[in-house]
Amino acid sequence: MKNWAGNLEYTAAEHRQPRTIDELAEIVVSSPRVKALGSRHSFNDAADTSGVLVSLGNLPGEVEIDESNGVVRVPAGHTYADVGSALQSNGFALHNLASLPHISVAGAVQTGTHGSGVANGSLASAVRAFDIVRASGETETLQAGGRDFDASVVGLGALGIVTSVTLAIEPTFEVAQHVHEGMPWDAALANWPAVTGSAYSVSVFTTFQGENTHQIWVKHRVDDEAHFDLATLGGRESLVPLHPLPDVLPDALTGEHSTTVQLRQPGPWNERLPHFRSEFQPSHGDEIQSEYLVPADQAVHAIEALRGISDLIAPLLYISELRTVAADAAWLSPSQGRDSLAIHFTWQQRPAEIFAVLPRIEEALAPFDPRPHWGKVSVMPRERLRLAYPRLDDFAALAGRVDPLGKFRNAFLERSVFAA
Ligand SMILES: Cc1cc2nc3c(=O)[nH]c(=O)nc-3n(C[C@H](O)[C@H](O)[C@H](O)COP(=O)(O)OP(=O)(O)OC[C@H]3O[C@@H](n4cnc5c(N)ncnc54)[C@H](O)[C@@H]3O)c2cc1C
């Protein structure tokens with residue numbers, strides 16, 4: 001079995017899909033090594049194990065909306081597409097979504113996945129509680145504000161198998177999206193907070209080369225005040241729907257794009273906040289991704305540093321995306337304790353060349369204390385990760401306490417989290 005991008009073959013001896021929590025607990029108790037698998041959208045071996053991989057799609061349970069407490073309880077194997085349509089049809093919304101709705105809720109939360117928006121925290125910031133099957137086979141519920149919650153909500157699958165996630169909800173809202181092309185870099189960088197704050201969610205796509213940004217995806221809430229108008233900084237609003245990757249064309253038969261509806265046509269939050277529609281293949285497919293989060297107040301310097309090595313980056317790239325993420329409290333969230341700029345790379349499938357350029361990127365970003373995305377590829381050694389994630393040692397100690405035999409450990413965690 002391979003991950004979604006096909007760049008990783010899982011090495012697990014077995015793949016199980018339990019039908020009950022009791023069966024899941026029995027698998028955990030009886031397996032020396034076990035790991036939860038989400039929707040397989042990570043690009044590294046975070047989800048792999050030498051033992052039993054467990055998928056949760058066959059566990060019973062539905063999306064349960066609790067209007068009086070303003071939350072929704074989601075079976076962990078469900079995707080954001082599942083939750084989004086259930087919430088929307090009942091008049092509710094989540095605060096934000098990632099670029100694709102295909103990912104599992106538990107897997108996305110466990111790696112600190114995020115969308116964009118200066119005031120929008122990571123997807124983990126919406127979690128109010130979760131149920132987790134521990135190494136002992138017992139289920140525990142962790143509540144926001146309670147013991148070990150901030151330590152565990154972004155848990156890299158190291159603390160147990162999450163079986164349900166309870167998320168904060170709000171009344172549904174509409175979003176209208178448009179794409180702005182060709183804004184000069186000079187104007188964008190001179191007005192960076194205004195650009196990224198020009199709507200509820202903003203994404204700047206670039207190859208870091210040339211004098212202009214490629215595209216700026218602007219998603220504004222219809223119920224929001226008017227924001228800063230990007231047209232004042234140059235470039236133009238596209239009059240046709242676009243894909244962020246330069247070489248992806250609309251479907252030859254239907255003429256449809258895999259991207260969400262643009263041209264300022266209002267629509268429900270769950271059909272506009274992601275870039276890609278749930279019924280289509282997102283992004284390119286034949287790709288590898290990397291991402292680093294740096295403090296938002298260092299954004300311009302970090303972008304300039306990458307523009308300085310764009311001749312190394314651009315030949316391997318489909319596209320880069322720059323987004324903003326509000327600070328949260330989860331120990332291992334890449335946006336923990338600091339409002340962040342997320343610098344994402346969608347690479348062509350050229351692993352040897354990518355692994356050769358990643359050290360150069362990490363070196364260029366080093367002055368800005370970059371934190372790699374846990375679900376994407378990086379080469380940062382544990383000693384650097386410890387500096388970037390100040391609670392990494394505390395997290396390792398917690399994992400040692402709740403999983404003393406190291407059932408949930410894998411090569412990724414040994415390399416990134418635990419001391420040799
Ligand atoms: C096309 C594409 C676009 C993307 N866009 C974004 C984006 O906009 N923003 C962003 O931040 N990231 C993005 N990502 C990365 C993606 O969100 C993360 O890799 C995320 O972890 C994927 O979730 P998953 O369910 O596939 O997890 P998997 O890859 O299956 O697993 C990831 C980790 O979560 C753990 N895990 C999974 N399920 C559970 C569970 N039930 N209990 C405990 N641990 C569990 C696994 O053990 C593993 O450690 C994108 C990826 C792709 C392929």
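The legends below describe several close-up views of a predicted model.

**View 1**

View 2. At Val162, a backbone N or O atom is found 2.8 Å from a nitrogen atom of the ligand. The ligand on its own has 970 Å² of accessible area, and the protein covers 99% of that area.

**View 3. An aromatic pair between Trp4 and Phe43.** The structure holds 10 aromatic pairs, and one of them is formed by Trp4 and Phe43, whose ring centres are 6.4 Å apart and whose planes stand at 85 degrees, so that the pair counts as edge-to-face. The pair links distant parts of the chain, since Trp4 belongs to the segment before β1 (14-16) while Phe43 belongs to the loop between β2 and β3 (52-55), 39 residues apart. Are these two residues buried or exposed? Trp4 is partly exposed, because its relative accessible area is 24%, whereas Phe43 has a relative accessibility of 5% and therefore counts as buried.

View 4. Phe345 and Trp347 form a stacked aromatic pair, with 5.1 Å from centre to centre and 5 degrees between the planes. Phe345 has a relative accessibility of 0% and so counts as buried, and Trp347, also at 0%, counts as buried. Which residues make up the cluster that includes this pair? One aromatic cluster is formed by Phe208, Tyr292, Phe345 and Trp347.

**View 5. Arginine side chains over aromatic rings.** Arg221 lies over the face of Phe173, at a distance of 3.7 Å from the ring centre. In a second example of this arrangement, the charged end of Arg391 sits over the ring of Trp331, and the distance to the centre of that ring is 4.0 Å.

**View 6. His95 and the backbone of Gly121.** His95 is found in the loop between β6 (92-93) and α3, and it is buried, because its relative accessible area of 15% falls under the 20% cut-off. A polar atom of the His95 side chain lies 2.9 Å from the backbone oxygen of Gly121. Gly121 is placed in the loop between α3 and β7 (127-133), and with a relative accessibility of 9% Gly121 also counts as buried. Although Gly121 and Ala342 are 221 residues apart in sequence, their C-alpha atoms are 12 Å apart in space.

**View 7. Ile103 and Tyr80.** Ile103 has its place in the loop between β6 (92-93) and α3, and this residue is buried, with a relative accessible area of 8%. How many residues separate Ile103 from Tyr80 in the sequence? Ile103 and Tyr80 are 23 residues apart in sequence, while the distance in space from C-alpha to C-alpha is 6.3 Å.

View 8. Leu156 is not a glycine, and yet it has a positive phi of about 55 degrees. This residue is found in the loop between α4 (149-152) and β9, where Leu156 counts as buried, because its relative accessible area is 6%. Arg264 is likewise not a glycine and has a positive phi of about 60 degrees; Arg264 is found in the loop between β14 (236-237) and β15 (267-268). With a relative accessible area of 38%, Arg264 is partly exposed, whereas Leu156 is buried.

Note on methods:
Residues are numbered from 1 along each chain as its sequence is written. This is a predicted model: local features need pLDDT of at least 70, side-chain atom pairs count only at pLDDT 80 or more; totals for chains, interfaces and linings use all residues. Side-chain values use heavy atoms; hydrogens and water are left out. A polar contact is a pair of N or O atoms within 3.5 Å; within protein, one must be able to donate a hydrogen and the other to accept it, and residues adjacent in sequence count only if both atoms are side-chain atoms. Accessible areas come from the Shrake-Rupley method with a 1.4 Å probe; for residues, only the protein chains shown count as cover. Rings of Phe, Tyr and Trp (its six-membered ring) pair if their centres lie within 6.5 Å; planes under 30 degrees apart count as stacked, over 60 as edge-to-face and the rest as tilted. Helices (H or I, at least four residues) and strands (E, at least two) are DSSP runs, numbered from the N terminus. Buried means under 20% relative accessible area, exposed over 50%, partly exposed in between (1.4 Å probe, protein chains only). A charge sits over a ring if NZ of Lys or CZ of Arg is within 6 Å of the ring centre and within 35 degrees of the ring normal.
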